[in-house]
There are 2 protein chains.
Amino acid sequence: MIKTVAIQGVKGSFHHIVSKQFFEKSVDVIECLTFDRTVDSVITKESDAAIMALENSIAGSIIPNYALIDKHNLHIVGEHYLDIQHNLMALPDQDIKDIQEVYSHPMALLQCKEFFRGYPHIKLVEDKDTAEVAQRIQEQQLKGIAAIASVMAAEIFELDILAKSIQTIKHNETRFVIVKRKNSEVPEEDITKASIKFEADHKRGSLATILNVMSDCKLNLTKIQSMPIIETPWKYAFFVDVTFETYADFKKAKSIIDIMAINFKILGEYKNAKL
Amino acid sequence: MIKTVAIQGVKGSFHHIVSKQFFEKSVDVIECLTFDRTVDSVITKESDAAIMALENSIAGSIIPNYALIDKHNLHIVGEHYLDIQHNLMALPDQDIKDIQEVYSHPMALLQCKEFFRGYPHIKLVEDKDTAEVAQRIQEQQLKGIAAIASVMAAEIFELDILAKSIQTIKHNETRFVIVKRKNSEVPEEDITKASIKFEADHKRGSLATILNVMSDCKLNLTKIQSMPIIETPWKYAFFVDVTFETYADFKKAKSIIDIMAINFKILGEYKNAKL
């Protein structure tokens, strides 16, 4: 049973929204200001699970989060997709021309860069979390400062939205995963997706060989990326996500890949949330 | 002829070191504080070429730079590898216990995080460039502030190195590419590597099919990553780097992939710098 979940950010953050949407019953959230801290919370058993953004449709993979999951042998037990909408918010009774500085997460600033070209007087400052800035503005009654955060953050921290959906690319989907210390308790019949990692030697074609196995076993590849193996520059591991109709197909592929690839590891087996 | 090169950062930055090592003759450098600005400099013909970090052996690909090269149809005409060593530096006659704040690029801060666990009194602040902080410390004679930058930056801006090679992972190689507006002038016999992009449809196995072609044509895959196609969430393009012995092999593969893949594009053909 998951009772306590570590999220990156404070209440009103996108990770908080995911925790509300993913879990049927309400769970207690532990607010963490870094992903390292989020993972620590799971390892030390302060939390039963953590929610981590893993990729978004604009910038691609959040590689350090893959590395954290891999390094600490965490297990992905579920995924959730959220269409992220960024809103500019500040204390009431201010106009956008009153705003001198906007603080937010670097990813949010990057995604809203175009919008701010129209407001060259505004200084953009990197901060740890989107919603935490909204909280600070309210607590310290900061005038002339705005946050970029969710509608939920504006509601919780009683800020006015000065501009809605200010990100350049309007459809801005992020994939989050739910990770635990122990392996999935997902029943086999519900498992339709898996995240795996393996190394392939430098022999020409060896990755193609493994992908052929996946194809033969009716696995559908939804993502692949090579990643440098730390301390062994330019030797690559591959992170691959696959979907499948029946768990038996994946089981067959596993047994073959285990023989053919080097350091084959399953990061998680879970229900595909994208149907 | 490349006479003027746009670099990210000021003199003493890692991009500046690459410009010195890559070009046989000395070139003029244009200092840019963002990668966007670096690319603008090439597009507007202010510079003949730009140097851009593209991946490192710790964090993997710098995806936004791939996107910039792709979006502006720039051509990769060369690559260069640099073993990045981070050093803590400040005005002379200070000890590490006198330092209250360290400013540097987010990637440098991330790579040196472990070192600073031993100095919890030091506040880490994100900044735009490693060497630019060193310059600012000298120009404004900032006491109690340190930069994380190259030995060359310490020399140029006359700072003392308080701690050498403070990054957690000692071998820390970064791959830079040299990009131009126009296609490569590299003679065919010198071309031993290429960066390509293509889309594959969702049909099971279609990526495997294309990798089989590469393997049949004796291409060696050194990197692969799927990347979301902007505005079409979860439809992926693949960025692939391949090396080969003879250009004829690559030419053959090109003509086949061009038929089999969707939106096949060559980002650059150049000399493999990793032999």
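Colleague: How far apart do the C-alpha centres of domain 1 of chain A and domain 2 of chain A lie?

Modeller: This is a predicted model. In it, the two C-alpha centres lie 23 Å apart. The contact draws on 15 residues from domain 1 of chain A and 14 residues from domain 2 of chain A.

Colleague: Which stretches of chain A does the domain assignment give to each domain?

Modeller: Domain 1 takes 4-83 + 172-180, domain 2 takes 87-163, and domain 3 takes 188-270.

Colleague: How much area do domain 1 of chain A and domain 2 of chain A bury between them?

Modeller: They bury about 1100 Å², with 70% of it on carbon and sulfur atoms. On the side of domain 1 of chain A, Val10(A), Gly12(A) and Leu33(A) supply 36% of the area buried against domain 2 of chain A, more than any other three residues.

Colleague: How many salt bridges and polar contacts are found between these two domains?

Modeller: The count of salt bridges between domain 1 of chain A and domain 2 of chain A is zero, whereas two residue pairs are in polar contact across the interface. Helix 1 (residues 14-22) of chain A gives the most to the domain 1 side, with four residues. By class, that side has six nonpolar, seven polar and two charged residues.

Colleague: Is Thr243(A) buried or exposed?

Modeller: A residue counts as buried under 20% relative accessible area. Thr243(A) has 11%, so Thr243(A) is buried. Thr243(A) belongs to strand 14 (residues 232-243) of chain A. Beyond its neighbours within four places in sequence, its contacts include Thr192(A), Lys218(A) and Asn272(A).

Conventions
Residues are numbered from 1 along each chain as its sequence is written. Chains are lettered from A and ligands numbered from 1 in the order in which they are written. This is a predicted model: local features need pLDDT of at least 70, side-chain atom pairs count only at pLDDT 80 or more; totals for chains, interfaces and linings use all residues. Side-chain values use heavy atoms; hydrogens and water are left out. Helices (H or I, at least four residues) and strands (E, at least two) are DSSP runs, numbered from the N terminus. Buried means under 20% relative accessible area, exposed over 50%, partly exposed in between (1.4 Å probe, protein chains only). Contact means heavy atoms within 4.5 Å. Domain bounds come from an automatic or database domain assignment. Buried area is the accessible area (1.4 Å probe) that two parts lose on being put together, summed over both. A salt bridge is a side-chain nitrogen of Lys or Arg within 4 Å of a carboxyl oxygen of Asp or Glu. A polar contact is a pair of N or O atoms within 3.5 Å; within protein, one must be able to donate a hydrogen and the other to accept it, and residues adjacent in sequence count only if both atoms are side-chain atoms. Ala, Val, Leu, Ile, Met, Phe, Trp, Tyr, Cys and Pro count as nonpolar, Asp, Glu, Lys and Arg as charged, and the others, Gly among them, as polar.
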